[in-house]
Amino acid sequence: TESAVNLTNPPEVIMAMGKRESFVSHIANLKALLEAYPEWDELKKAEQRLTDHDQYIRKLIDEFGSYQDTATGIYGLKQLRKTITFLAEKIREVIPAYAEAVIDGVNKTKMNGLIKGGLITQEQANKCSQTEVSYAYIIK
């Protein structure tokens with residue numbers, strides 16, 4: 001409860017939570033009903049085959065490259081995602097004149113403003129940051 005924001009237990013939220021519980025219960029009842037049919041097992045197997053096939057597509061993308069056909073809406077893409085984090089101690093070292101202007105838990109917007117304004121170079125900014133690279137696959 002220490003991390004909860006504005007914890008007041010309003011009746012509007014309590015009512016909505018009660019309605020949500022009825023949705024959850026309805027879904028559970030439908031699942032129980034559908035699980036009794038032999039098609040349920042076939043559905044689960046088909047979903048697993050799709051999951052396995054998507055893993056196979058990811059391996060092919062890694063090996064041969066991404067595929068995209070915007071006309072038909074078919075995508076097999078590996079998307080690069082970069083997260084840049086500016087490091088306060090590096091900013092003090094590389095660009096001390098602007099350190100206090102941007103160090104407020106390091107304000108990324110202000111750092112980018114310094115670059116755009118020509119007050120610091122991209123090379124200086126790169127020396128003050130670390131980049132985490134991750135990938136996301138878009139398969140549809």
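Me: What makes the contact between the side chains of D62 and K78 a salt bridge?

Reply: The name needs a side-chain nitrogen of Lys or Arg within 4 Å of a carboxyl oxygen of Asp or Glu. In D62 and K78 the N to O distance is 2.9 Å, so the pair passes the 4 Å limit. The pair links distant parts of the chain, 16 residues apart: D62 belongs to helix α2 (residues 38-64) and K78 to strand β2 (residues 74-86). Helices (H or I, at least four residues) and strands (E, at least two) are DSSP runs, numbered from the N terminus.

The model is predicted, with local features needing pLDDT of at least 70 and side-chain atom pairs pLDDT 80 or more, while totals for chains, interfaces and linings use all residues. Residues are numbered from 1 along each chain as its sequence is written, and side-chain values use heavy atoms, leaving out hydrogens and water.

Me: Why is D62 called partly exposed?

Reply: Buried means under 20% relative accessible area, exposed over 50%, and partly exposed in between (1.4 Å probe, protein chains only). D62 has 46% and K78 has 31%, so both residues fall in the middle class.

Me: How do you know that the charged end of K78 sits over the ring of Y135?

Reply: The rule asks for NZ of Lys or CZ of Arg within 6 Å of the ring centre and within 35 degrees of the ring normal. K78 is counted as sitting over the ring of Y135, and its charged end is 4.3 Å from the ring centre.

Me: How many salt bridges does the structure hold?

Reply: There are 4 salt bridges. One of them joins E42 and R49, at 3.2 Å from N to O. E42 is partly exposed at 42%, and R49 is partly exposed at 47%.

Another joins E123 and K127, with 3.6 Å between the closest N and O atoms. These two residues are 4 apart in helix α6 (residues 122-127), which means about one helical turn separates them. E123 is exposed at 55%, whereas K127 is partly exposed at 48%.

Me: What makes the 10 residues that include F86 and I91 a nonpolar core?

Reply: A nonpolar core is a set of buried Ala, Val, Leu, Ile, Met, Phe, Trp, Tyr and Cys residues joined through side-chain atoms within 4.5 Å. The largest such core is made of F86, I91, I95, A99, M111, L114, I115, I120, A125 and C128. Helix α5 (residues 108-116) gives the most to this core, with 3 residues. In soluble globular proteins, nonpolar side chains tend to be buried together.

Me: Which residues form a nonpolar patch on the surface?

Reply: They are L30, L33, L34 and Y37, with about 390 Å² of accessible area together. Accessible areas come from the Shrake-Rupley method with a 1.4 Å probe, and for residues only the protein chains shown count as cover. Patch members need over 30% relative accessible area and no salt bridge; like charges are joined within 9 Å, nonpolar side chains (Val, Leu, Ile, Met, Phe, Trp, Tyr) within 5 Å. L30, in helix α1 (residues 11-35), has 39% and counts as partly exposed.

Me: Why is N9 called exposed?

Reply: Its relative accessible area is 57%, and the cut-off for exposed is over 50%. N9 is in the segment before α1. Its phi is near 50°, a positive value in a residue other than glycine.

Me: Is K82 counted as buried or exposed?

Reply: K82 counts as exposed, at 57% relative accessibility. Its place is in strand β2. From K82 to E93 is 11 residues in sequence and 24 Å in space, C-alpha to C-alpha.
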